[in-house]
Amino acid sequence: MRLSKVSPKKCFFLVLCFAVLILLVFNLRDKDWSGKAPHVLYSRDEYQLEENTNARNEPTVSTEAPDTGDRGAGGKENEIVADYGRARSEEHAKDSFTAGDLPWYFTQGMRYPKAARRNRKTNKRLARLLPSETSRGDRISNQLMFVPPNYETIKRKGKLKTILVYNGLSPWNVKAGRDVFLSSKCPVSTCSITAQREKAATADLVLYKDHFIPPSVPRSPYQIYMMYFLECPYHTQHVKYPDVFNWTATYRKDSDIVAPYEKWEYFDPRIRQIEQDRNYALNKTRKVAWFVSNCGARNGRLQYAHELQKHIAVDIYGACGTFKCSRSTAERCFEILDRDYKFYLAFENSNCKDYITEKFFVNALTRNVLPIVMGARPEDYEASSPQKSYIHVDEFASPKELAEYLHLLDRNDELYNSYFKWKGTGEFINTYYWCRVCAMLHDEASFRKPKWYEDINDWWRGPGVCTNGSWRNYRARNPPEKSPSSDARR
């Protein structure tokens, strides 16, 4: 049979129709059929992307294997990103960031975690939740995004984990029962709080706040005892009993459940600086301010401020200075700070590892003033703060040298404003302490071989934890050694 000839004109028409059909299919696939545009938090075109992203700037990653520093080892099977879901490479990043991309603990976050993945060979969960599993970061995001692999089975059984707050409910400002877990919408909520000490023998977790009182009943080998310290070692109990505690909850990053005064987190860890649309130095006529009432701090902060006063104007408000601003009108005081001052002394009362309080986070970073910090080590501030948001006194050899740099900033608005480019790149998140405690109580790995603090005092107040002078001078006397916590943990 002889086939009919197809003219070039018909061929061209068929090819054109086929091309149009393909374009139509692609357009239909990309179209949002929900009828509602996603809530865009920001467009990437409006932000500066850091050119050199190193290991410190990468999203927090959780793996089962020990932290070797090799992110490529093990491939996709050994990797989960706790902060931002499954890993997304730069070239596949979205052009805009929506509320659905943010984890649930952000103000506008909508993304809840799924059950944690397991290692196919060992059947252990991959998420890094405990200090022994990673030396990077505080693991707060990992714990907030942790759901046990078998959580659906746990929920069906209906058995709750019991948390006994041994010192009573009032120090915690929580109610007995499940209220805090349900109202917080915890991803893992099958827990209940009680203050009934008669349950000390059966509770899954016995929690102490600041003070330890030995229970009068025998202890189960599968119980977790946890100590929560709010203040620094200088102002907390010296625990006399060894081999009691399995977990700690403090502001320290090597605590099992880190409970910081505030927690900063970026919307996207690759975007840490934004060009601002305002001059933060505009109309500010005063130099340095400090609000303080404790004049006897052991770290010598008042003496440092007085020495700084010899080289730059420092207005000290409160019992330790000549300027007055009542605590009853605190907001008005901070309005003066925002309006008139370029710098604020966010000095802690003690120089201790990771000890950074609301003096820095609330009094300074939530205002439009540049904080000068003293307290924790420089590397602690770097790990806990927005990038380039403060000045640490230990960056300078003396108060005079610091004053010279502050005068430079005072004369140079562009340099001064470079310390505010972090604003808008993230937020201070709610760390949902009780949600994380409940999630950790459902982690099988924490109960198979419970660890112990052989001497919690050695870990909490041992060598290198605090210093009465500057960290610069401490390091000159004491070269860095291995962490004191390595010998205290079992």
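Leaving aside its neighbours within four places in sequence, with which residues is Tyr433 in contact? They are Trp172, Leu207, Met226, Tyr228, Ala249, Ile257 and Ala259, where contact means heavy atoms within 4.5 Å. This is a predicted model, in which local features need pLDDT of at least 70 and side-chain atom pairs count only at pLDDT 80 or more, while totals for chains, interfaces and linings use all residues. Residues are numbered from 1 along each chain as its sequence is written, and side-chain values use heavy atoms, with hydrogens and water left out.

**Overall composition**
- The protein has 15 helices and 18 strands; these are DSSP runs (helices H or I, at least four residues; strands E, at least two), numbered from the N terminus.
- Of its 490 residues, 49% are buried, meaning under 20% relative accessible area with a 1.4 Å probe, protein chains only.

**Nonpolar cores**
- A nonpolar core is a set of buried Ala, Val, Leu, Ile, Met, Phe, Trp, Tyr and Cys residues joined through side-chain atoms within 4.5 Å.
- The largest has 46 residues, and those with the most contacts inside it are Ile163, Phe181, Met226, Tyr433 and Trp434.
- Helix 11 (residues 433–441) gives the most to this core, contributing eight residues.
- Another core, of 29 residues, lies apart from it and includes Val292, Cys320, Met374 and Phe396.

**Helix 9**
- Pro399, Leu402, Ala403, Leu406 and Leu409 are the buried residues of helix 9.
- These residues lie on the same side of helix 9 because they cover an arc of only 115° around the axis, taken from the directions from the helix axis to the C-beta atoms.
- Their cover includes strand 11 (286–291), helix 5 (301–309) and helix 10 (413–417).

Terms used
Buried < 20%, exposed > 50% of the residue type's maximum accessible area, 1.4 Å probe, protein only.
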